[in-house]
Amino acid sequence: PDGAFQISGLSRDLYAVKVFDPEDKWAVQTTIVDTTAGPVDGLRIQLVDGVPLVVTASNERWRDVRFRVLDHDGSFVYSGRLWSAAPRQVRLAPGEYSVEVTAVHGEPPRVSPVTLASEPVSLALP
């Protein structure tokens, strides 16, 4: 109820803790947690309200499309695919992003810059 959770039994390594619920108002967030030096206690992940990035298929080959969202520093935020021809919504924190789109059929990746403020932004994926 207070948002706290515990994960035990982890090896010493780097882990990505990803917060994502498509039905919620919170922004997708990926936090890298480094346990190579031992246990991490008291880690706090602050969630922020998300702004919708609405991705759609620009043609009938939507099944082939994969995309990654990177923040302004080039750090990984989210990766996904289109599950149908219908628009898909990903909530992100306000800011500047790059959306890298790849297709299974071997075309080179395409990168689109996206800036989110307070209103949803639509992006047709090739």
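Trainee: Is Tyr-78 buried or exposed?

Mentor: We are looking at a predicted model, where local features need pLDDT of at least 70, side-chain atom pairs count only at pLDDT 80 or more, and totals for chains, interfaces and linings use all residues. Residues are numbered from 1 along each chain as its sequence is written, and side-chain values use heavy atoms, with hydrogens and water left out. Buried means under 20% relative accessible area, exposed means over 50%, and partly exposed is in between (1.4 Å probe, protein chains only). Tyr-78 has a relative accessible area of 2%, so this residue is buried.

Trainee: Which class does Phe-20 count in by relative accessibility?

Mentor: Start from the value for Phe-20, which is 32%. Because of that relative accessibility, Phe-20 counts as partly exposed.

Trainee: How many aromatic pairs does a search of the whole structure find?

Mentor: A pair of aromatic rings is described by the distance of the centres and the angle of the planes. Rings of Phe, Tyr and Trp (its six-membered ring) pair if their centres lie within 6.5 Å; planes under 30 degrees apart count as stacked, over 60 as edge-to-face and the rest as tilted. In the whole structure, the number of aromatic pairs found is two.

Trainee: What kind of pair do the rings of Phe-20 and Tyr-78 make?

Mentor: Their centres are 5.1 Å apart. Their planes stand at 45 degrees, so the pair is tilted.

Trainee: How many residues apart are Phe-20 and Tyr-78?

Mentor: Strands (E, at least two residues) are DSSP runs, numbered from the N terminus. Phe-20 is in the loop between β1 and β2, while Tyr-78 is in strand β5. The pair thus links distant parts of the chain, and the separation is 58 residues.

Trainee: What kind of pair do Phe-67 and Tyr-78 make?

Mentor: Here the ring centres are 6.0 Å apart. The planes are at 45 degrees, so this pair is tilted.

Trainee: Which strands hold Phe-67 and Tyr-78?

Mentor: The pair ties together parts that are eleven residues apart in sequence. Both residues are buried. Phe-67 and Tyr-78 lie, in that order, in strands β4 and β5.

Trainee: Which residues form one aromatic cluster?

Mentor: Tyr-78 pairs with Phe-20 and also with Phe-67. The cluster consists of Phe-20, Phe-67 and Tyr-78.

Trainee: What is the bridge partner of Val-65 in β7?

Mentor: Strand β4 (residues 65–71) and strand β7 (residues 95–103) run antiparallel and are joined by seven bridges. For Val-65, the partner in β7 is Ala-103.

Trainee: How many of the seven residues of strand β3 are buried?

Mentor: Strand β3 covers residues 51–57. This strand is largely enclosed by the rest of the structure, because the number of its residues that are buried is five.

Trainee: Which residues line the largest cavity?

Mentor: On a 1 Å grid over the protein atoms alone, a cavity is a set of points where a 1.4 Å probe fits but cannot get out, and a pocket is an open set with protein on both sides within 12 Å along at least five of seven lines; lining residues have an atom within 4 Å of a point. The search of the whole structure finds one cavity of 30 Å³ or more. The lining is made of Phe-20, Asp-21, Pro-22, Trp-26, Val-28, Gln-89, Val-90 and Arg-91.

Trainee: What is the volume of the largest pocket?

Mentor: Grid points are joined across faces, edges and corners, and a volume is the space filled by probe spheres set on the points. The pocket is lined by 26 residues, with Phe-5, Gln-6, Ile-7, Val-40 and Leu-43 nearest its centre. Its volume is about 830 Å³.

Definitions and conventions
Two strands pair if DSSP finds at least two bridges between them. Helices (H or I, at least four residues) and strands (E, at least two) are DSSP runs, numbered from the N terminus.
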